[in-house]
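Subject: Structure handover

Hello,

Here is the structure I said I would pass on. My notes on a few residues follow below it.

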Amino acid sequence: MKNLKNMSLMTALITVFTLSFTACGNDDEQPAKPVINLTEIGHDNSKHVHPGQDLHLEGDIVAQGLIKRIDIEIHQEEGGSYKIKQSFTEGKYVGVRNVEFHEHIDIPANAPIGEYHMHFTVTDQCGQQTTVESHLEIIEGNGDEHGHHDE
């Protein structure tokens, strides 16, 4: 009787582990792709930032398949090759379903002034990706027109 109870427990544990490792493996039952709603790109959603300061990014992410990583790429438009990349692969955003994203991305002081394009990509633990894109401008000045830095 004790062996039967142990076998039942072992079978249940194996089933749970098998399901947890294959939850994203079945294409017929994929969770919805991540949903991204960026509400602020730059101070007051200005879509601009100054060299040597930080770019305020804020928004909501919903990932039914749980967030695996968030990648941000900002690249120069019109033939420029300057890029800024940042990834979040651990910490408060990883392994969660719903999260408010709020970060400040450092813009190097040597970043060329001009037009940029931003890609904000969320990958879930099933490998599904969603990307939102936005125009961004790196402009001259030091950010004092607001009385403070871009926050």
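Helices and strands here are DSSP runs, with a strand taking at least two residues, and they are numbered from the N terminus. On that basis, Leu66 sits in the loop between strand E3 (54-62) and E4. Please keep in mind that this is a predicted model.

Most residues other than glycine have a negative phi. Leu66 is not a glycine, yet its phi is positive, at about 65°. Glu78, also a residue other than glycine, has a positive phi near 55°. Glu78 belongs to the loop between E4 and strand E5 (83-88).

Leu66 is partly exposed because its relative accessible area, 24%, falls between the 20% and 50% cut-offs. Glu78 is at 76% relative accessibility, over the 50% cut-off, and therefore counts as exposed.

The remaining notes concern Gln76, which is part of strand E4 (residues 67-76). Its relative accessible area is 18%; this is under 20%, so Gln76 is classed as buried.

What is Gln76 in contact with, leaving aside its neighbours within four places in sequence? The list is Ser81, Tyr82, Pro112, Glu115 and Tyr116. For one of these, Ser81, there is also a polar atom pair to look at: a polar atom of the Gln76 side chain lies 3.3 Å from the backbone nitrogen of Ser81.

Regards

Notes. Residues numbered from 1 in each chain as written. Predicted model: local features only at pLDDT ≥ 70, side-chain atom pairs only at ≥ 80, totals over all residues. Heavy atoms only, no water. Helix = DSSP H or I, 4+ residues; strand = E, 2+ residues; numbered from the N terminus. Buried < 20%, exposed > 50% of the residue type's maximum accessible area, 1.4 Å probe, protein only. Polar contact = N/O pair within 3.5 Å; in protein donor to acceptor, adjacent residues only side chain to side chain. Contact = heavy atoms within 4.5 Å.
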